[in-house]
Structures are given as C-alpha cells and as structure tokens.
Amino acid sequence: MASMEQLIALYRHEYAYYRAIAYNVLANRQDAEDVMQRVMIRLLERPEILQKVERPKPFLSRCVRNEAIGNMKWQGNRTHLGLLGAEKGDLAGGHPFFQG
C-alpha cells in the first residue's frame, strides 16, 4: 500500500520520467505539464485510491498515460468543433442545440 507521502516523493523524483510519458502521447510540453498537474490534483483529492496501490511507479505511469490520452481526445473534440465553425464564435458551428 502506497502512502500519499511516498507518491509525492516519487512524483518529484521521477517528474521528468512521467512528463515524458505524457509528452510521448501529446507531443506538446505545456499539455504534458497540465496532465501532470491534473493527475496529482486528482490523487490529492482522493487519497483512498492509494490504499490499494502496491506498486506506485507503474500506477502513476498508468495514471499519467490515461490522463494524457483523455487530454488528447478532448483536444480532438475541441479541434472538431473548430472545424464545424466554432472559430466564428458559436459553440458548435450553428448546431441547433446551441442556438439561442
């Protein structure tokens, strides 16, 4: 079982390693940094998750990778909205649901 202190120490010591995991998925340094922050915030908000973690390094690696993939999907959706016309100011390019 991993403690929050162990996880934070691992995060600090292996930060470049975990950021590289996120960067390999996203190919963007700032997005990789954002992923790192979101992972730590989520773990700090839910410390009970750590009670089941026996191998913290692979656990944190998977958390970072999953968050990066989720970020990539979100960006894909955002890009798709842009292709539909969101750059003109309306949320979904004129979709009736978003019309006033």
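What share of the contacts in the protein with a separation of 6 or more comes from residues 24 or more positions apart? The share is 66%, where contact means heavy atoms within 4.5 Å.

Some ground rules. This is a predicted model, in which local features need pLDDT of at least 70 and side-chain atom pairs count only at pLDDT 80 or more, while totals for chains, interfaces and linings use all residues. Residues are numbered from 1 along each chain as its sequence is written, and side-chain values use heavy atoms, with hydrogens and water left out.

The protein has four helices and zero strands, in the order α-α-α-α; helices here are DSSP runs of H or I with at least four residues, strands are E runs of at least two, and numbering starts at the N terminus. Of the 100 residues, 29% are buried, meaning under 20% relative accessible area with a 1.4 Å probe, protein chains only.

Now helix α3, residues 29-45. Its 17 residues reach 25 Å from first C-alpha to last, close to the 24 Å expected at 1.5 Å a residue; the expected span is 1.5 Å times one less than the number of residues. Asn 28 caps the N-terminal end, with a side-chain oxygen 3.0 Å from the backbone nitrogen of Gln 30. Buried residues in α3 include Val 35, Met 36, Val 39, Met 40 and Leu 43.

Met 36, Met 40 and Leu 43 are also among the α3 residues that meet α1, whose side of the contact is Met 4, Leu 7, Ile 8 and Tyr 11. Helix α1, residues 4-13, packs against α3 at about 170°, with the axes 11 Å apart. That makes the two roughly antiparallel, a label for angles over 145 degrees, taken between N-to-C directions on a scale from 0 to 180, with axes fitted to C-alpha atoms over the stretch in contact.

Note on methods. Buried < 20%, exposed > 50% of the residue type's maximum accessible area, 1.4 Å probe, protein only. Polar contact = N/O pair within 3.5 Å; in protein donor to acceptor, adjacent residues only side chain to side chain. Parallel < 35°, antiparallel > 145°, perpendicular 65-115°, else oblique.
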